[in-house]
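Dear colleague,

I am handing over the structure below, together with notes on what was found in it. Please read the notes with the structure open beside them.

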Amino acid sequence: MEPGKRLLDGMRGRINESVLKAMARVPRDRFVPAQLRDRAYEDLPLPIGFGQTISAPHMVAIMCDLLDVRPGMKILEVGGGSGYHAAVLAALAGPEGQVFSVERMPDLALAARKNLQAAGIAGVTVVEGDGSLGLPEHAPYDRISVAASAPRVPEPLKEQLRVGGKLILPVGETSQELVLVTRKNGFAVEEKMGVIFVPLIGKEGFGERQI
Ligand code: SAM
């Protein structure tokens with residue numbers, strides 16, 4: 001069996017079919033460094049340079065599943081890294097959807113754009129900047145997904161969420177929780193599971209010296 005198929009089959013029953021279908025459309029081997037391509041379908045985070053990692057496939061699956069992304073949605077991703085998670089979000093949002101992915105490291109933003117193009121993924125705009133402040137020029141968003149751990153839920157991200165919208169992010173430093181925030185009249189906050197992510201570095205994240 002193809003390694004990509006085996007990986008997704010292993011998640012069947014635990015992850016929504018729409019997420020598995022979206023992941024099946026995104027070739028993860030296009031988003032890892034060439035020397036790690038043969039390991040692209042192992043369920044592990046892998047180094048992508050600059051001390052950063054592409055998240056493990058099961059973590060991308062869990063986050064997309066909890067976020068409940070529907071076709072046509074406008075989505076903000078913070079922590080673009082390789083561009084892989086943004087590509088899966090774009091596959092879920094479909095041709096009518098829009099994904100903006102913010103990455104603070106210029107070299108990674110550039111690599112993410114190249115990876116997305118090589119993988120033939122449309123609908124993702126990679127923006128270089130401090131995503132802890134969100135991306136106000138395109139707000140409000142139906143969904144926001146953050147791939148780096150914040151000290152607390154950043155206020156700008158809450159403000160840029162549409163009413164009825166959802167935000168998923170890891171919160172914490174040594175001990176981190178994956179948190180789902182739903183905007184209704186106020187903000188409902190649910191802690192989902194313990195996780196391990198690299199820190200969100202920025203104005204509403206950790207300072208460079210704190211890590
Ligand atoms: N989603 C990525 C993927 O699919 O490859 C993996 C993300 S990696 C776990 C976390 C990323 O968040 C790193 O690339 C890091 O540079 C980025 N990051 C950290 N703080 C950030 C910030 N304030 N704004 C934008 N990106 C940030």
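Across which strands does helix H5 lie? Helix H5 (residues 106–118) lies across E4 and E5, and runs at about 165 degrees to E5. Angles here are taken between N-to-C directions and run from 0 to 180 degrees, with axes that are lines fitted to C-alpha atoms, for helices over the stretch in contact. Helices (H or I, at least four residues) and strands (E, at least two residues) are DSSP runs, numbered from the N terminus.

Two remarks on the source come before the rest. This is a predicted model, in which local features need pLDDT of at least 70 and side-chain atom pairs count only at pLDDT 80 or more, while totals for chains, interfaces and linings use all residues. Residues are numbered from 1 along each chain as its sequence is written.

The sheet

Seven strands form an open sheet with mixed pairing, in the order E5-E4-E3-E6-E7-E8-E9, where two strands count as paired if DSSP finds at least two bridges between them. Strand E5 (124–128) and strand E9 (187–195) stand at the edges with a single partner strand each, so one side of each is left without a neighbour in the sheet. On average, neighbouring strands of this sheet are turned by 15 degrees against each other, direction ignored.

Strand E3 (residues 74–78) and strand E6 (residues 141–146) run parallel and are joined by four bridges, with glutamate 77 standing opposite serine 145 in E6. Helix H3 (residues 57–67) packs on the sheet, where it touches E6, strand E7 (161–172), strand E8 (176–183) and E9, and its direction makes about 150 degrees with that of E7; contact between two residues means that their C-beta atoms, placed from the backbone, lie within 7 Å. E3 also pairs with E4 in the parallel sense, over five bridges, and here valine 78 stands opposite valine 102 in E4. E4 is mostly covered, since five of its six residues are buried; a residue is called buried if 20 or more other C-beta atoms lie within 10 Å of its own, exposed if 12 or fewer do, and partly exposed in between, with C-beta atoms placed from the backbone.

The hairpin and the annotated serine

Strand E1 (residues 46–49) pairs with E2 in the antiparallel sense over three bridges, and leucine 46 stands opposite isoleucine 54 in E2. The two strands E1 and E2 form a hairpin with two residues between them, and phenylalanine 50 in the turn has a positive phi of about 60 degrees. Phenylalanine 50 is exposed, with 12 other C-beta atoms within 10 Å.

Serine 55 lies in the loop between E2 and H3, and the UniProt annotation "active site", from an unreviewed entry, covers Ser55; such annotations may be inferred rather than shown by experiment, and UniProt positions are given in the numbering used here, with feature names shortened. Is serine 55 buried or exposed? Serine 55 is buried, with 23 other C-beta atoms within 10 Å. Not counting residues up to four places away in sequence, serine 55 touches Pro45, Val60, His85 and Ala147.

Around the ligand

Of the 27 residues around the ligand, Gly79, Gly81, Ser82, Gly131 and Gly202 come nearest, and a residue is near a molecule if its C-beta atom, placed from the backbone, lies within 6 Å of it. The elements that give two or more residues to this shell are strand E2 (52–54), helix H4 (84–93) and strand E4 (98–103), and the largest share, three residues, comes from E2. By class, the shell has 12 nonpolar, 12 polar and three charged residues, where Ala, Val, Leu, Ile, Met, Phe, Trp, Tyr, Cys and Pro count as nonpolar, Asp, Glu, Lys and Arg as charged, and the others, Gly among them, as polar. H4 is mostly covered, with 10 of its 10 residues buried, and His85 is one of these buried residues.

Backbone details

Most residues other than glycine have a negative phi, and most peptide bonds are trans. Aspartate 68, in the loop between H3 and E3, has a positive phi of about 55 degrees although it is not a glycine, and aspartate 68 is partly exposed, with 17 other C-beta atoms within 10 Å. Just after H4, glycine 94 takes a positive phi of about 70 degrees. The peptide bond from alanine 139 to proline 140 is cis, with omega near 5 degrees, and proline 140 is found in the loop between E5 and E6.

With best wishes
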